[in-house]
Amino acid sequence: MIQKLLVANRGEIARRVFATCRVLGVATVAVHSDADADAPYVAEADEAVRLPGNTPVETYLRIGSILDAARRTGADAVHPGYGFLAEHAGFAAAVTDAGLTWVGPPAGAIAAMGDKIAAKELLAGAGVPMLPTWTDGDAVTDFPVLVKASAGGGGRGMRIVRDPADLPAAVDSARREAAAAFGDGTVFVERYVERGRHVEVQIFGDTHGTVVALGERDCSIQRRHQKIVEEAPAVLPDGVRERLHAAAVAAGRAVDYVGAGTVEFLLAPTGEFFFLEMNTRLQVEHPVTEAVTGLDLVRLQLLVAEGGALPVPATPPADGHAIEVRLCAEDPTQGFRPATGTLHRFAVPGVAGEFTPTRGLRLDSGVDTGSTVSVHYDSMLAKLVAWAPTRAEAARSLAGALARAELHGVATNRDLLVRVLRSAEFGAAQVDTGFLDAHPGVFAPLLPADRLPVAALAAALAGAAARRAAAPVLAGLPSGWRNVPAVPQVVRYATTTGDEIEVRYRLDRSGALADWSTDPTVADPTATAAPDAPPVVELVTAAPDRVLLDVAGVRRVFRVHRAGSAVFVDGPDGATELTELPRFPLPRAALAVGSLLAPLPGTVTRVHVGAGQRVAAGDLLLTLEAMKLEHPVLAPTDGVVADLPVPAGGQVETGAVLAVVNPEEAPR
């Protein structure tokens with residue numbers, strides 16, 4: 001039996017595996033990069049070994065370093081998690097060759113399914129339905145198509161192409177991204193199905209010849225071909241579920257599958273389905289299957305790795321419904337641009353359990369309050385899962401918990417997820433892989449623009465209360481009181497969109513709010529329209545972290561948290577982040593007109609233009625790689641490239657000048 005398990009991964013999957021190990025009495029070993037030294041998963045392991053460096057190539061992709069860590073700690077088994085080396089047949093073989101127990105499928109099965117081109121040929125022979133596929137871009141005859149990485153998943157190295165002229169560039173870009181993420185730039189092309197649904201089947205096999213389907217999941221709602229909402233069971237037409245399960249089991253038996261695996265299918269509107277790929281590992285979305293089956297899939301992985309027989313001889317019936325969302329550090333309004341920084345607060349209300357099968361609300365998180373989100377790894381912070389007797393109840397519970405969560409310091413996709421879960425289309429199970437493109441309304445922030453002034457007022461009043469609480473003298477005076485009532489308190493804030501809002505308020509001698517106003521046009525000196533009259537607001541109570549306001553006869557509670565100049569306000573309508581601006585700002589160095597700044601730290605992988613070159617608005621200038629994804633930098637206007645200060649291969653920090661484009665003057 002396994003006595004000490006090393007998890008060759010990081011973040012929430014490492015914490016997830018450790019949780020089951022604690023229940024089973026198995027000792028645990030973590031490996032970590034320098035950037036992850038203070039991560040929660042490292043603290044939770046019984047032992048931890050440093051992998052010097054930060055990039056995946058330096059750390060989590062170094063087979064020799066991981067095996068050395070197992071040797072030094074006396075670990076007798078290795079769990080790969082997902083991502084990194086989880087589907088690397090050479091790693092599985094190296095682990096077993098070292099005399100260690102590999103918690104995963106045999107190297108042969110990984111190799112067979114890891115090459116997605118060969119996997120399609122193999123499983124087509126087993127009767128699994130396939131889409132038309134090409135390995136030579138010049139041979140493609142049917143558009144639209146999807147370019148895919150052969151050696152990995154998670155949406156990396158994938159591009160939709162509708163115009164044949166765009167195929168060569170898409171293939172080149174997909175190859176670079178796949179090589180960076182998986183160390184293998186091989187790609188292929190398959191027909192793209194419009195309005196298709198991504199439905200996958202969880203399979204499990206043991207060394208005694210059993211392969212069983214443990215139910216299916218709908219993972220159709222995606223961004224950048226990466227799942228962000230998953231649910232079990234899927235809402236399927238009559239007869240499709242049984243055929244899906246049968247095809248998935250046939251795929252597993254074709255490679256003598258052992259352990260946890262997922263067979264992914266594309267379900268067309270006609271009810272036809274086609275094989276996409278087989279992931280030879282535990283999936284990110286496995287908690288929804290655990291929720292509706294009551295099974296601990298990590299426990300089953302360890303049991304099978306030890307040679308035990310699966311205790312589940314047939315597909316178990318689904319009990320209730322479970323929905324999972326991936327909470328990511330990214331800004332959906334900016335093309336899902338990844339975000340980095342410090343999580344000043346990470347709190348989700350109503351959580352019933354973490355990391356193991358739970359009825360109610362479950363949180364699997366790779367971060368805690370105070371964690372640093374770095375540029376080196378995937379942007380996922382946590383997974384939040386809701387189980388309920390019905391699908392509608394699960395969606396409502398999950399949306400409510402997300403909306404009330406306090407997520408301070410890093411931009412997230414929380415508002416998008418809430419709007420998706422509360423949308424009428426999701427409620428009616430009208431989902432497909434193009435859901436986000438078809439419903440642009442889900443990108444709107446939860447906090448309406450006309451409610452921002454009241455949130456800013458709450459921030460200002462909390463700030464005044466904090467200053468009064470810290471005052472060494474005259475502590476009895478009402479917060480914000482002035483001897484000259486004609487002079488209001490004035491606080492200016494910057495919003496996350498780059499706008500500014502100015503709050504003016506005055507308190508009377510009793511500490512009540514005498515009057516207040518905001519000027520959201522303060523950042524635009526050319527604006528002449530006066531702002532709308534603010535709503536009638538009465539101050540009920542104000543503390544440094546909590547403000548209770550009566551807004552037009554309705555009491556509203558605002559939770560306020562300050563970290564330096566950043567002020568986070570969570571209210572009944574939504575959350576916002578404000579940055580308090582100094583009353584007397586210092587002068588800053590002026591940037592050249594037309595400067596394009598790095599939106600986050602990263603590496604310039606390619607420069608596509610030269611200094612002096614004329615470009616049109618939307619032309620690709622250079623490519624920035626961060627968080628394992630490529631981010632194109634486009635010309636904002638017609639003009640001439642005046643400067644390219646960062647060469648290919650150069651590292652940049654947020655705000656660095658990437659290019660300067662002198663705009664063309666309009667003809668007179």
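Biologist: Which residue in strand 26 is the bridge partner of Arg 492?

Modeller: The bridge partner of Arg 492 in strand 26 is Glu 502. This is a predicted model, in which local features need pLDDT of at least 70, side-chain atom pairs count only at pLDDT 80 or more, and totals for chains, interfaces and linings use all residues. Residues are numbered from 1 along each chain as its sequence is written, and side-chain values use heavy atoms, with hydrogens and water left out.

Biologist: What makes a run of residues a strand?

Modeller: A strand is a DSSP run of E with at least two residues, and strands are numbered from the N terminus. Strand 35 covers residues 614–615.

Biologist: Why are strand 25 and strand 26 called paired?

Modeller: Two strands pair if DSSP finds at least two bridges between them. Strand 25 (residues 489–495) and strand 26 (residues 500–507) have 6 bridges, in the antiparallel sense, and are therefore paired. In their hairpin, with 4 residues between the strands, Gly 498 takes a positive phi near 90 degrees.

Biologist: How many bridges join strand 26 to strand 27?

Modeller: Strand 26 is joined to strand 27 (residues 513–519) by 6 bridges, and the two run antiparallel. Arg 506 has Asp 515 in strand 27 as its bridge partner. Gly 511, in the hairpin of these strands, has a positive phi near 95 degrees.

Biologist: What is the order of the strands in the open sheet?

Modeller: The 4 strands follow the order 33-40-38-35, with antiparallel pairing.

Biologist: Why are strand 33 and strand 35 called edge strands?

Modeller: Strand 33 (595–597) and strand 35 each pair on one side only. Strand 35 is joined to strand 38 (residues 639–643) by 2 bridges, and Arg 614 stands opposite Val 640 in strand 38.
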